[in-house]
Amino acid sequence: MDKPKTVKILKFYPEKCEGGLGCEKACSQVHFKSDEGGDKSAIRIFKSGNSYKMYVCNQRGLCIDICPVGALYRRKNGIVWLDKEICIGCQSCVGFCPIGAMRKSSARIEPFKCISCGACVRACPNGALELVEVNIDNIKEVVYHKQGV
Ligand code: SF4
Ligand code: SF4
């Protein structure tokens, strides 16, 4: 099978964000059928000075080789996927992720992450989030450069 070349990732426009956290609530619906947001959301928005910062998986997939049981892999659409049926809840990927985007909640032992479903994009009343298609090789290069590898 050909490897996927592109993947959709979330882009954030902080100047449009008002901190209503509709995105977090939408995401926790996707993952936990709950509108709590917060620890049950794969996307997190935090105030930073007079603005906001977004923290979410960028689908670089550096964690894929860390999983001891092969529960992490890249799907045909490029998304890095965590298979809950295979995962043993060791939390290695949670500790490893350089941007803290592999999340854990008190609700279950298996971590969770952004799957680029777009529910948060649709939930934002201000258009502060967008799914954009990027080249997978390019996003990997950026992170290796930053880490000096
Ligand atoms: S928590 Fe699950 S997905 Fe993450 S490294 Fe451990 S077994 Fe793999
Ligand atoms: S795209 Fe889906 S999984 Fe990713 S942060 Fe938004 S709602 Fe959550």
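**Hairpin.** I began with the turn between strands E2 and E3 in this predicted model. The two strands form a hairpin, and two residues lie between them. One turn residue, Gly49, has a positive phi of about 65 degrees. I then looked up how the strands run: E2 covers residues 44–48, E3 covers residues 51–55, and they pair in the antiparallel sense. Five bridges join E2 and E3.

**Ligand 1.** I next asked which residues come closest to ligand 1. They are Cys67, Ala71, Cys87, Cys90 and Cys93, within a shell of 15 residues. I checked which elements give two or more residues to this shell and found helix H2 (92–96) and strand E7 (108–112). Sorted by class, the shell around ligand 1 holds 11 nonpolar residues, three polar residues and one charged residue.

**Ligand 2.** I repeated the search for ligand 2, which has 14 residues around it. The nearest of these are Cys27, Ile43, Cys114, Cys117 and Cys120. Here the elements that give two or more residues are helix H1 (22–32) and helix H3 (119–123). Which element gives the largest share of this shell? I found that H1 does, with three residues. By class, I recorded 12 nonpolar and two polar residues around ligand 2, and no charged residues.

**Side by side.** I set the class counts together for reference: one charged residue belongs to the shell around ligand 1, whereas the shell around ligand 2 has none.

How values were computed:
Residues are numbered from 1 along each chain as its sequence is written. Chains are lettered from A and ligands numbered from 1 in the order in which they are written. This is a predicted model: local features need pLDDT of at least 70, side-chain atom pairs count only at pLDDT 80 or more; totals for chains, interfaces and linings use all residues. A residue is near a molecule or strand if its C-beta atom, placed from the backbone, lies within 6 Å of it. Helices (H or I, at least four residues) and strands (E, at least two) are DSSP runs, numbered from the N terminus. Ala, Val, Leu, Ile, Met, Phe, Trp, Tyr, Cys and Pro count as nonpolar, Asp, Glu, Lys and Arg as charged, and the others, Gly among them, as polar. Two strands pair if DSSP finds at least two bridges between them.
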